[in-house]
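Me: Can we go through this one together, a bit at a time? I'd like to start with a pocket and then look at a sheet.

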Amino acid sequence: MNRIFSFSKCKNDLKPILSICIPCYKRINQVRNTLTSIYETNAEISLVDYEVVLSDNDPEREIEVLMDEFADKPNLFYYHTECEGFLNSYHVLTYAKGELLKLHNSQNLFRKGALRHLLDEIIQENTNKTLMFHTNGFLGNKTICKYDNFNDFMSALSYWSSWSGGFSIWKEDFDAIGKIELNELFPHTSVFLTQYAAQSFLIDDTPIYNVQRIAKRGGHNKFKAFTIDYPSLIMDSYMKGHISLNCKNSILKDICTQYLPTLLFNKYIVRIETFDATGYRENIKRYFPEYAYWVAWINVIFVPFRMIGRKFL
């Protein structure tokens, strides 16, 4: 289900270079560690160069106490919102006021030098308002690549364009969008796909975060998310002519042969995740070939080898 939202004005006049936008729901220890990695691990960065925006959609406001713990940080802002689930990834952007708005997952720790790296990149790409995506080494090349068209950019990103932790958008572009239809599970991707007409594109695969692992992650139906919701956004981008048939097919193929097998492996083999899989066998028929269900299961055998290879790299 999609909902219509319009962008709101920011609440403060300060114009930092970067807004680190963190949607939150509980997990206070992880959020505390993340804030520490920003303010202590990257303490050499002036507080006027960036802001940290917390948007909390927890009715109990568990993480609000962190504002007392970090009371000496004038560039840290807390907002409580009553939005549901992943729509917080949209709402947190509406509170930000930096030149570049960057979503940040609450469990990702900034490495030493990561904040300087981001700021230098923003300053360098500001003139062209380059559409940037940060994949944290997940693509396996650990390089920075530029593209002159959206199709090649999306093809290189593959299904990682769904990752909220990689998303960023220039504030002036964000404000120019107006009303937009948001996918409830991928609101950030809904916003991201509107930027197909950017002048230039960049994928930064530099590892800049360390991930705090969350035991037994679960709750929503992640299988549906990647067989129905996210593919529907990719299909829509193709139907509008923003990406090619080959690009669309390549992304769906990677979901079927890489991402879904990893989900299956984590849920049913090593049992480290508990995501709901209701309707998976029927849902996969919507945008994938009839045999896709079995292709995903066959490719489960290759998952541990990919994991070992990633750790080796």
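Me: Which residues lie nearest the centre of the second largest pocket?
Reply: Quick note: this is a predicted model, where local features need pLDDT of at least 70, side-chain atom pairs count only at pLDDT 80 or more, and totals for chains, interfaces and linings use all residues. Residues are numbered from 1 along each chain as its sequence is written, and side-chain values use heavy atoms, leaving out hydrogens and water. A pocket here is an open set of points on a 1 Å grid over the protein atoms alone, where a 1.4 Å probe fits, with protein on both sides within 12 Å along at least five of seven lines; lining residues have an atom within 4 Å of a point. This pocket has 15 lining residues, and those nearest its centre are Glu181, Ser190, Leu233, Asp236 and Lys240.

Me: Which element gives the most to that lining?
Reply: Helices (H or I, at least four residues) and strands (E, at least two) are DSSP runs, numbered from the N terminus. β10 (180-183), α7 (187-192) and α8 (222-239) each give two or more residues to the lining of the second largest pocket. With four residues, the top giver is α8.

Me: Now the sheet: which strands stand at its edges?
Reply: Strands pair if DSSP finds at least two bridges between them. Five strands form an open, mixed sheet in the order β4-β3-β2-β5-β9. Two strands each have a single partner, so one side of each lacks a neighbour in the sheet: β4 (76-80) and β9 (168-170).
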